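Q: Could you walk me through this fold, starting with the overall layout and then the packing?

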Amino acid sequence: YKDTLTLPEIRKLLGVHRNTVYALVQSGKLEVIDTGRLKRVPKASFERWYQSQTRYKKIGGDDDGIHR
C-alpha cells in the first residue's frame, strides 16, 4: 500500500475536515480503491487531481506531505 493514501491521510495532508474528503470521493474527483475496511487513493491519481485544482493546498512535511 505504499503507493496509496488513506482518506485520513488525505484529510491531514490537505488540512480539511473528513467530510470534505468524503465529498471529493463521492463526487468522483478522487479515484478510490475499496479494500473492504479502508478506502485508499492511488498517490498518482491524487497528484493528478491535486495539480488540476486550485482550491486546496498541501500542508506540512515531506514530498507526499504525510508525517510518519
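The chat below goes through the layout, the sheet and the helix packing in turn.

Q: Before anything else, what kind of model is this, and what pLDDT do local features need?
A: This is a predicted model, in which local features need pLDDT of at least 70 and side-chain atom pairs count only at pLDDT 80 or more, while totals for chains, interfaces and linings use all residues. Residues are numbered from 1 along each chain as its sequence is written, and side-chain values use heavy atoms, with hydrogens and water left out.

Q: How many helices and strands are there in the chain?
A: The chain has three helices and three strands, and along the sequence they follow the pattern β-α-α-β-β-α. Helices (H or I, at least four residues) and strands (E, at least two) are DSSP runs, numbered from the N terminus.

Q: In what order do the strands sit in the sheet?
A: The order is β1-β3-β2 in an open sheet with antiparallel pairing, where two strands pair if DSSP finds at least two bridges between them. β1 (4-6) and β2 (33-34) each have a single partner strand, so one side of each is left without a neighbour in the sheet.

Q: And how many bridges link β1 and β3?
A: Three bridges join β1 to β3 (residues 39-42) in the antiparallel sense, and Thr6 stands opposite Arg40 in β3.

Q: Which strands does α1 lie across?
A: Helix α1 (residues 7-14) lies across β1 and β3, at about 85 degrees to β1. Helix α3 (residues 43-52) also lies across β1 and β3, running at about 65 degrees to β3. Axes here are lines fitted to C-alpha atoms, for helices over the stretch in contact, and angles run from 0 to 180 degrees between N-to-C directions.

Q: Switching to helix pairs, which residues of α1 meet α2?
A: Leu7, Ile10 and Arg11 in α1 meet Arg18, Val21, Tyr22 and Val25 in α2, contact meaning heavy atoms within 4.5 Å. By class, this contact of α1 with α2 has five nonpolar, no polar and two charged residues. Here Ala, Val, Leu, Ile, Met, Phe, Trp, Tyr, Cys and Pro count as nonpolar, Asp, Glu, Lys and Arg as charged, and the others, Gly among them, as polar. The axes of α1 and α2 (residues 18-26) come within 9 Å and cross at roughly 115 degrees.

Q: What about α1 and α3, which residues meet there?
A: Ile10, Leu13 and Leu14 in α1 meet Phe46, Trp49 and Tyr50 in α3, and that contact has six nonpolar, no polar and no charged residues. The axes of α1 and α3 come within 13 Å and cross at roughly 35 degrees.

Q: Which residues of α1 are buried?
A: They are Leu7, Glu9, Ile10, Leu13 and Leu14, where buried means under 20% relative accessible area, exposed over 50% and partly exposed in between (1.4 Å probe, protein chains only). These residues cover an arc of only 155 degrees around the axis, which puts them on the same side of α1; the arc is that of the directions from the helix axis to the C-beta atoms. The buried residues of α1 pack against β1, α2, β3 and α3.

Q: Which residues are buried in α2?
A: Val21, Leu24 and Val25 are buried in α2, and they fall within an arc of 100 degrees seen down the axis, so they line one face of the helix. Their cover includes α1 and α3.
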